[in-house]
Amino acid sequence: MPKWLKNAVFYEIYPQSFYDTNGDGIGDIPGIIEKLDYVKELGCSALWINPCYDSPFKDAGYDVRDYKKVAPRYGTNEDLYRLFKTAHKKGIRVLLDLVPGHTSEEHEWFKASGKAERNEYSDRYIWTDCWIAGMEGHPYIGGECERDGTYMLNFFKSQPALNYGFYRPKWPWQISYKDERVKKTREALWDIMCFWLDKGCDGFRVDMADSLVKDDGEGKPGTCEIWREIRKKLDKQYPEAALVSEWCNPEAAICNAGFHADFYLDHWGNGYNTLMRDYEPNGDENDNTYFKKDGNGDISRFLKEYLPRLEKIKGKGYISLITCNHDTPRPARKLDESELKLAFATILTLPGVPFIYYGDEIGMKYVENMPTKEGGYTRTGTRTPMQWDNTRNCGFSSAPAKKLYLPVDVKGTSVAKESKNKDSLFNTVKALTALKNSCKDLSADAPFEVVLGKKGKPFVYRRGRLLIVVNPADRASSVKVDICGEIGKCIYSIGNTEIKDGKINAGAQSFAVFKEDDR
Ligand code: NOJ
């Protein structure tokens, strides 16, 4: 386990929208370098950068054309190496996005694979031996290549699935995941990882990490085996490198596949989506996001799913709670500033390794009805340029507005504006990360215990010697709690909370951290 991970606070950067230094309307790597001090000032100690590799950008870069080359629109490989170096000097780690399940249809491997004549790459993708358009839930594409057969997709049409084999092959063209022919794909993946790790990257966020072996068994044993093998090599050769999975099943990802952390996303219906936001941008009906002040949110629904998962991964890895990501609506779509403060406070004090999506710290809005861009569809509204200040294009770029990657939400706020206001969300987030960074009891694996987690009541929990109280409701709430031991003094608060005569009196929309005195 990389030691640095347990105290990390991540900042996710969607590079095309962060900061443009060359005036072409698209964010770039030199722009990220220029803003490293901002990241540090925010209290984040690690970055996750969405794919920045050469790509035709039919899925915003998740369609990789060359894994080892930085997309010219973002700069050069040297720029990225410089980013690693400069970030490290400032104590910031950098995770790249690893896309192991598919490439772009324009990748050289795929072009070779589609040739009629057998070659080194013929088995790099999943090809049938006849005309199949769809089978067992997988889409297959035909009519694109000279090869006699169709190929399986992993996501969009532009993203053919890489071939890690099938768990139990049924047809002659399906190859077992244990077969040497598809083990070459694993080798190619490891080669890409080493390439970037050798250049100074600190690990990877792994896209669709559970998608490798096709028609895998229950719990995805084939895919887990591949990742375990990778983890073993990583431990040996790059013990300080971190692997964070997009799997959404901490038990499988951490206990069985060997990831250091797994994202807690929205795949569990009544789980996280009721804590932070509703997932579907159009599903307004059941808006019981936990932090809404109308008080209809129910923390017990979240805890019911979260606690058993946390228990299973104890001592093995971390759950990563996110403010949102480039695939989800921003939290400010549903939550106002006071609600967002409590959401950040909770996410930054619960166990695990938290991720802040760029712009969420200033309450950037989900821009409604944004026409799709680079395969974004409803996700596009979450991907608009960072709002730095009140100059042209909110300081994102000097390009003419019509040349920008996406229009800037000029009606929105900015870092410059938020930083001036002592009580802003931005300054609250900074205070919270400072608190987290200075308290051992808020590190990823510090002890955690729920004291009270009932519907309509304040959420009360312990982290080591800290007692934390969250009351998102717009009314005060008084609860009797059996707290053994000392409570100590309040070291951080939003609103008013006091503990008196065995009772917690939590003011409307309040958050407080109490700390036992040092012995
Ligand atoms: C998950 C990524 O987060 C998303 O943006 C992408 O479109 C798909 N995987 C396909 O790579």
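**Domains, sheets and a ligand site**

The C-alpha centres of domain 2 and domain 3 lie 56 Å apart. The domain assignment, automatic or from a database, gives domain 1 as 3–99 + 264–440, domain 2 as 102–163 and domain 3 as 447–516. This is a predicted model, where local features need pLDDT of at least 70, side-chain atom pairs count only at pLDDT 80 or more, and totals for chains, interfaces and linings use all residues. Residues are numbered from 1 along each chain as its sequence is written, and side-chain values use heavy atoms, with hydrogens and water left out.

Start with the parallel sheet. Strands here are DSSP runs (E, at least two residues), numbered from the N terminus. Two of them pair if DSSP finds at least two bridges between them. Eight strands form an open sheet with parallel pairing, in the order S12-S11-S10-S9-S5-S2-S1-S13. Strand S12 (318–320) and strand S13 (355–357) stand at the edges, each with a single partner strand, so one side of each has no neighbour in the sheet. The twist averages 25° from one strand to the next. Such angles are taken between N-to-C directions of lines fitted to C-alpha atoms, and run from 0 to 180 degrees. Within this sheet, strand S1 (residues 10–13) and strand S2 (residues 46–49) run parallel, joined by 4 bridges. Ile-13 stands opposite Ile-49 in S2.

Now the antiparallel sheet. Its 3 strands form an open sheet in the order S17-S20-S19. Strand S17 (477–480) and strand S19 (497–500) are the edge strands, and each pairs on one side only. Neighbouring strands of this sheet are turned by 15° against each other on average, direction ignored. S19 runs antiparallel to strand S20 (residues 503–506), with 4 bridges between them. Glu-498 stands opposite Asn-505 in S20.

Turn to the ligand. Around the ligand stand Asp-59, Tyr-62, His-102, Phe-155, Arg-205, Asp-207, Met-208, Glu-246, His-326, Asp-327, Arg-379 and Arg-383, each with a heavy atom within 4 Å. By class, this shell has 3 nonpolar, 2 polar and 7 charged residues. Nonpolar covers Ala, Val, Leu, Ile, Met, Phe, Trp, Tyr, Cys and Pro; charged covers Asp, Glu, Lys and Arg; the others, Gly among them, count as polar.
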